[in-house]
Amino acid sequence: MWERVRFVFFIFYIILKILLLLFFEIFHFISFSQLLNCPKRLTDNSDMSLFSSRSHCLLPSSQTSEKKEKDGRNLDREQKRWIVVAVILLVRVVIFCSLSSKRRMFQGSQGASKVVAYYGLQTPPYKLDALEPYMSKRTLEMHWGEHHRCYVEGLNKHLEKSALLYGYTMDELVKATYNNGNPLPEFNNAAQVWNHDFFWESMQPGGGDMPELGVLKQIEKDFGSFTNFREKFIEAALTLFGSGWVWLVLKREERRLEVIKTSNAINPLVWDDIPIVSLDMWEHAYYLDYKNDKAKYVNVFMNHLVSWNVAMSRMARAEAFVNLGEPNIPIA
Ligand SMILES: [Fe+2]
């Protein structure tokens, strides 16, 4: 409401300024026309004086002084016209400057209500050297501090251009920008921000080993054994072509766990699956520590980094939406 009032005020202000400018332009034009005519008269007079100079001695002295007085008056009038023109020019400059500053002020007032930073860079839930020696501080500094930061900044730059995607949670933003398989320009950065936040939380110092309780039970139910799951997860990581991600997901419809791999920035949210664990298979995730030895990186992740504690809490949340067993509460 206040923005609309301010806009109407601004429009009136512009109209008023334009009218004033028009008035001064017309006035200026008239004054300038007169000034342009002036030299003609002066020239006429000069010509006359030149013309008469030849017979100057023939003119009576009273006529000569009268002529000088007339020339003096013409000069005074010319100076006055120049002063008027200068004043008008000055007024025009002042009005123009005032208009420009008003426009900036109006734009500034709109800018004041515009959010310029949409999403922040979340820090991993541990220190950058906490995963050593399996994932080095140098890798975290580069991977989180540069690549992840770059995705956040790229996303915010995209979002600054349009208010259409304002106010979404990251999950919603990923789904909305995936646009049913026709991704919007914001998708890659949005998905990569979400993927990395999820990935940092999928690891912990002293991670790896075996899951427990519900996760282990569900893994054994859906894969036959934890060993089978582990082999399937590693195979998916090593057969992923190019850059991408490997996931342990809970499929809503099938009500079972599954290992999937996705290319580039795509993640399981776009198919409405519930991610439980993720592994970044982009080269920047492992190259500094393992060069091209992807198998070593994946095995180290499974043995020492993956956080089954977080996986358990994610499974517990997922079970609020997906019934993994017979209903315990009779449906009314
Ligand atoms: Fe990454």
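The legends below describe close-up views of one predicted model.

Local features need pLDDT of at least 70 and side-chain atom pairs count only at pLDDT 80 or more, while totals for chains, interfaces and linings use all residues. Residues are numbered from 1 along each chain as its sequence is written, and side-chain values use heavy atoms, with hydrogens and water left out.

**View 1. The protein chain has 10 helices and 3 strands.** Helices (H or I, at least four residues) and strands (E, at least two) are DSSP runs, numbered from the N terminus. The order from the N terminus is α-α-α-α-α-α-α-β-β-β-α-α-α. Of the 332 residues, 39% count as buried. Buried means under 20% relative accessible area, exposed over 50%, and partly exposed in between (1.4 Å probe, protein chains only).

**View 2. A nonpolar patch includes Ile26 of helix H1.** Ile11, Ile15, Ile18, Leu19, Leu22 and Ile26 make a surface patch of about 540 Å². Patch residues have over 30% relative accessible area and no salt bridge; nonpolar side chains (Val, Leu, Ile, Met, Phe, Trp, Tyr) are joined within 5 Å, like charges within 9 Å. A salt bridge is a side-chain nitrogen of Lys or Arg within 4 Å of a carboxyl oxygen of Asp or Glu. Areas come from the Shrake-Rupley method with a 1.4 Å probe; for residues, only the protein chains shown count as cover. H1 spans residues 2–53. Ile26 counts as exposed because its relative accessibility is 52%.

**View 3. Strands S1 and S2 form a hairpin.** S1 (residues 244–251) and S2 (residues 256–263) run antiparallel, joined by 8 bridges. Strands pair if DSSP finds at least two bridges between them. Leu248 has Val259 in S2 as its bridge partner. The strands have 4 residues between them, and Arg255 in the turn has a positive phi of about 55°.

View 4. Asp222 and Leu257 lie 35 residues apart in sequence, yet 6.1 Å apart in space, C-alpha to C-alpha.

**View 5. Tyr290 and Tyr297 form a tilted aromatic pair.** The structure holds 17 aromatic pairs. In this one, the centres are 6.1 Å apart, with 45° between the planes. Rings of Phe, Tyr and Trp (its six-membered ring) pair if their centres lie within 6.5 Å; planes under 30 degrees apart count as stacked, over 60 as edge-to-face and the rest as tilted. Both tyrosines, Tyr290 and Tyr297, are buried.
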